[in-house]
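Dear colleague,

Here is the structure I promised to hand over, with my notes on it below. Please look through the model first and then read on.

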Amino acid sequence: MLKIEKLFCNKFNKLNINNEETLFYCGNFFIDNKKKNQKILKKFFKENKSDLRKLDQKINGFFAFVLIKSNSVEILTDQVRSYPIFFWWEEDKLSISNLVEKILYKKKQLNLDKNAIGEFLNLGFCIENNTIIQNLKQTSSGSFIKLKKIKNKWKIVTQIKFNSLKNFN
């Protein structure tokens, strides 16, 4: 069984897809030009076998999705990262939230990531999923991330940056 601490603010909605999959989501979005509602989301996930990556081809708007499955966690964010998602793993436990302070508040000790601090000082931001705090990661804009527990450690197994011009063809 996966140990996942879900620390979402009350803006996030919860939708049980089935017995093994739960979706947390927020934002204003359209799927196939139909305004969001739980019935449309549930139908989409049933038709697409809970493949969150396929949602990117059909969705417009401002959103963040976190799909918790029996053996993985999938995250999808919009093109401007309207709702950033942060995650922290240590040993076999994953903490995930849209508010970084909810994760950091629960941690006893924080260590700075010297490489990420160097990136931030030189570029004004951290590259990829890095933050200036070790073990704390973040989503980038317009991306899909799949986290999976492998040999009792959480790892990013898939990361895709989506084409921001897909809806302008």
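Thr139 counts as buried because its relative accessibility is 1%, where buried means under 20% relative accessible area, exposed over 50% and partly exposed in between (1.4 Å probe, protein chains only). Thr139 sits in the loop between strand S9 (136-138) and strand S10 (143-150); helices (H or I, at least four residues) and strands (E, at least two) are DSSP runs, numbered from the N terminus. Leaving aside neighbours within four places in sequence, Thr139 is in contact (heavy atoms within 4.5 Å) with Ile75, Thr77, Arg81, Pro84, Ile85, Phe87, Asn129 and Ile145.

Before going further, please keep in mind that this is a predicted model, in which local features need pLDDT of at least 70 and side-chain atom pairs count only at pLDDT 80 or more, while totals for chains, interfaces and linings use all residues. Residues are numbered from 1 along each chain as its sequence is written, and side-chain values use heavy atoms, with hydrogens and water left out.

Phe162 belongs to the segment after strand S11 (153-161), and with a relative accessible area of 13% Phe162 is buried. Not counting residues up to four places away in sequence, Phe162 touches Arg53, Asp56, Leu76, Gln79, Gly142, Ser143 and Phe144. For Phe144, which is 18 residues away along the chain, the C-alpha separation from Phe162 is 7.6 Å.

As for the protein chain as a whole, its secondary structure comes to 4 helices and 11 strands, and buried residues make up 45% of its 169 residues. Among contacts between residues at least 6 apart in sequence, 52% join residues at least 24 apart. Along its principal axes the C-alpha trace spans about 45 × 40 × 30 Å.

I also looked at the second largest pocket, where a pocket is, on a 1 Å grid over the protein atoms alone, an open set of points where a 1.4 Å probe fits, with protein on both sides within 12 Å along at least five of seven lines, and lining residues have an atom within 4 Å of a point. About 210 Å³ of space lies in this pocket, a volume being the space filled by probe spheres set on the points, which are joined across faces, edges and corners. Helix H1 (residues 38-47) gives the most to its lining, with 5 residues, and the residues lining the pocket include Ile31, Asp32, Phe44 and Lys58.

Best regards
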